[in-house]
Amino acid sequence: MTSRRQGRRAVVTGLGVVAPNGVGADAFWKATRQGVSVLDRVSREGCTAMPLKVAGQVRDFEPQASIDSRFLVQTDRFTHYAMAAADLAVSDARFTPDAEDPYAVGVVTAAGSGGGEFGQRELQQLWGQGPRFVGPYQSIAWFYAASTGQISIRGGYKGPCGVVASDEAGGLDALAHAARTIERGADAVVAGAAEAPLAPYSMVCQLGYPELSLAEQPESAYLPFTAQACGFSPAEGGAMLLLEEEQAARRRGATVRAYLAGHGATFTGASRWEHSREGLAAAMRTALDEARIAPEEIDVVFADAMGVPDADRAEALALADVLGPAADRVPVTAPKSGTGRAYCGAPVLDVTAAVLAMEDGVLPPTPNVTEVCHDLALVTGRARPAELRTALVLSRGLMGSNSALVLRRA
């Protein structure tokens, strides 16, 4: 976001959420603000006998209510979430695509798990009944690019489109890519990420992650920054944002909700958590430099919160390295401990929460966590009021990507 052309900059005007703790930004924020934990025993068909017992499932979502049947049969659950969240973001911004130049509106998403449920079903039909029983959409529905394609087709968005494949941190990287697209000339970009990793094949793949929590009780499965940390609980869902060029947004009378001020990304290797301290710190410094703010100007940090002792320690030390003397007083929160980590969707949900926290002047708590074993000012218990002007959102991926995003209140 350093090469701003003629003063162009990206602002957030719309928020769309499909998450385990609520569908729609209002429901999501109410639960997040109250510190509600919705982690529960996995109940998805075909998954209940697996070693992974606890996850964050999206329960109050009926895709038929918002997505035309012709699109539903072409797509996997992860794209259903993304399409619904995109519709919510566009509606929240009161953005009328028909009134805009379709070539000035783009789409950028990130995805890690892809369409595992759809793909598994079609492959089972291939091997069980033969190739004539495989649907034509198998070739695209499983693909990580499916959400970008379907959102652009449904919305008639013909501007710059893309897909970011950079691990879990891709959620933040997708927003940064969208912001740079706006700086280069686009008027608006629908951007974000949604995942659906709770299907049998997808869950088997995740069992190879040593960071995955196999705890059986929801209240103890995902406890980042504690002595009891035993890994993370996965989740489905995510969020989409409508980003617009600031002047274009103001011309149409849109409400500017936040600025994407700075971003940084690095790579330190799969499961090398001791090295993620240096990599995450470098990403933070780059983000702060782009935003042209000092570390002491950060009012809240939305942490990556892996829930793995070595990873949590590295994140706490990285924050100390970057924030310096301010590190022990800057509030840190991890709302995802109550919903699970939705892979690429997780940091976009954190960005959504950060925007809403700045608007409301409230620090949301970290559910289920009480005693912290790192030098962090972690917000636990209840939400508390605070004057929030600048938020730092962090994300790391299991394969080694690190990303940091600075948001400024409008």
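I take helices (H or I, at least four residues) and strands (E, at least two) as DSSP runs, numbered from the N terminus. The model is predicted, so I keep local features to pLDDT of at least 70 and side-chain atom pairs to pLDDT 80 or more, while totals for chains, interfaces and linings use all residues. Residues are numbered from 1 along each chain as its sequence is written, and side-chain values use heavy atoms, with hydrogens and water left out.

**Pro 20**

I looked up Pro 20 and placed it in the loop between S1 and S2. Its relative accessible area is 11%, and it is buried, where buried means under 20% relative accessible area, exposed over 50% and partly exposed in between (1.4 Å probe, protein chains only). For contacts I use heavy atoms within 4.5 Å; leaving aside neighbours within four places in sequence, Pro 20 is in contact with Val 38, Gly 56, Gln 57, Val 58, Ala 235, Glu 236 and Thr 339. I also noted Phe 61, which is 41 residues from Pro 20 along the chain, with 9.5 Å between the C-alpha atoms.

**Ala 342**

Ala 342 is in the loop between strand S11 (331–333) and H13, and at 1% relative accessibility it counts as buried. Not counting residues up to four places away in sequence, I find that Ala 342 touches Glu 195, Ala 235, Glu 236 and Gly 237. Gly 56 is 286 residues from Ala 342 in sequence, yet the two are 8.1 Å apart in space, C-alpha to C-alpha.

**Helix H1**

Next I went through H1 (residues 25–34), whose buried residues are Ala 25, Phe 28, Trp 29, Ala 31 and Thr 32. They lie on the same side of H1 because they cover an arc of only 165° around the axis, the arc being that of the directions from the helix axis to the C-beta atoms. An α-helix has 3.6 residues a turn, so residues three or four places apart point the same way. On the face turned away from the buried side I find the exposed residues Asp 26, Lys 30 and Gln 34. The cover over the buried residues of H1 includes strand S1 (10–19), strand S2 (22–23), helix H13 (345–360) and strand S12 (362–363). Just after H1, Gly 35 has a positive phi of about 70°.

**Nonpolar cores**

I define a nonpolar core as a set of buried Ala, Val, Leu, Ile, Met, Phe, Trp, Tyr and Cys residues joined through side-chain atoms within 4.5 Å. The largest has 52 residues, of which Met 284 and Val 301 touch the most other members. Two or more residues come from each of strand S4 (54–55), helix H11 (273–291), helix H12 (309–323), strand S15 (390–396) and strand S16 (401–409), and H11 gives the largest share, eight residues. A second, separate core of 46 residues includes Val 12, Val 164, Val 362 and Ala 391.

**Glu 315**

I then checked Glu 315, which is in helix H12 and is buried, with a relative accessible area of 0%. Apart from neighbours within four places in sequence, Glu 315 is in contact with Phe 225, Leu 280, Ala 303, Asp 304, Ala 305, Leu 394 and Arg 396.

**Charges over rings**

My last entry counts a charge as over a ring if NZ of Lys or CZ of Arg is within 6 Å of the ring centre and within 35 degrees of the ring normal. The charged end of Arg 154 sits over the ring of Phe 71, 5.6 Å from its centre, and Arg 341 lies over the face of Phe 232, at 5.6 Å from the ring centre.
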